[in-house]
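Good morning. Please have the sequence and the model open while I talk.

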Amino acid sequence: TPVVKIQGADHELIRVYRRADGTTVRLYVAYLGSQVQGRELVSYLTAPLHQAATDATVSFGQGSLPVNIGFSMEHGIKTPILFWYAVDGKTISDRYQAKVVSIAQALMRRGSHGALILIAGEPNEGHVRAVAGVKEFAHDLIPVLRPYLP
C-alpha cells in the first residue's frame, strides 16, 4: 500500500522494486486528468507528507529536479519518502506553488491536470542510508518517467 493515496485518481501506478541486497523501494504515481474540489493533488491527504519534509534536489544527466525528502510515520514505523508534483509541465516540490500553478492552469486553460510522484524506501532503515536509497532510485527513475508526466 502507498504511504498516501490520491482519491479519485484517473491513473495510478503502484510498484515495489527489490534491490540486490533484498531491500525494497515502493513507487506511487497518481495522475489526475482534471482537478476539482475534493479531487486534488494538494489536499489534506497530502499535507502529512510535508510535515518535517525538507527541500532537496535529485540530479540526473545534465539536470536536476526539486523534490521533498522526509519520513512517514505509520503504526510506529518510520519510512523514508521522496516526492514531488508534476503540474503543467513543471516539476514542483512546494505544495503551495503546486496549488497556485494548478489554479492558474484551471483558469487559463479551463482544466488542470497533474501528478504526484512518491518513492518510499525501506522502513526503519538508518537515516543516511534511507535517504541515499530513495535519492538513488529517483536518480534512475526520473529520465525514464519524465516523458510520461504532464
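Predicted model: local features only at pLDDT ≥ 70, side-chain atom pairs only at ≥ 80, totals over all residues.

Residues are numbered from 1 along each chain as its sequence is written, and side-chain values use heavy atoms, with hydrogens and water left out.

Start with the cores. A nonpolar core is a set of buried Ala, Val, Leu, Ile, Met, Phe, Trp, Tyr and Cys residues joined through side-chain atoms within 4.5 Å. Buried means under 20% relative accessible area, exposed over 50%, and partly exposed in between, with a 1.4 Å probe and protein chains only. Helices (H or I, at least four residues) and strands (E, at least two) are DSSP runs, numbered from the N terminus.

The largest nonpolar core has 24 residues, and Leu82, Ile117 and Ile119 have the most contacts inside it. Which element gives the most to this core? Helix 3 does, with eight residues. Another core, of 19 residues, lies apart from it and includes Leu32, Val42, Ile81 and Ala120.

Now the pockets. On a 1 Å grid over the protein atoms alone, a cavity is a set of points where a 1.4 Å probe fits but cannot get out; a pocket is an open set with protein on both sides within 12 Å along at least five of seven lines, and lining residues have an atom within 4 Å of a point. Grid points are joined across faces, edges and corners, and a volume is the space filled by probe spheres set on the points.

The largest pocket has a volume of about 230 Å³. It is lined by 15 residues, and Pro48, Leu49, Gln51, Phe71 and Ser72 are the closest to its centre. Strand 4 gives the most to this lining, with five residues. The second largest pocket holds about 160 Å³ of space. Its lining includes His11, Glu12 and Tyr148, and both strand 1 (11-18) and strand 2 (24-32) give two or more residues to that lining.

Last, the angles. Most residues other than glycine have a negative phi. Ala52 has a positive phi of about 65 degrees, and is in the loop between helix 1 and strand 3 (54-60). Ala52 counts as exposed, because its relative accessibility is 74%. Asp88 also has a positive phi, of about 55 degrees, and is partly exposed at 24%.
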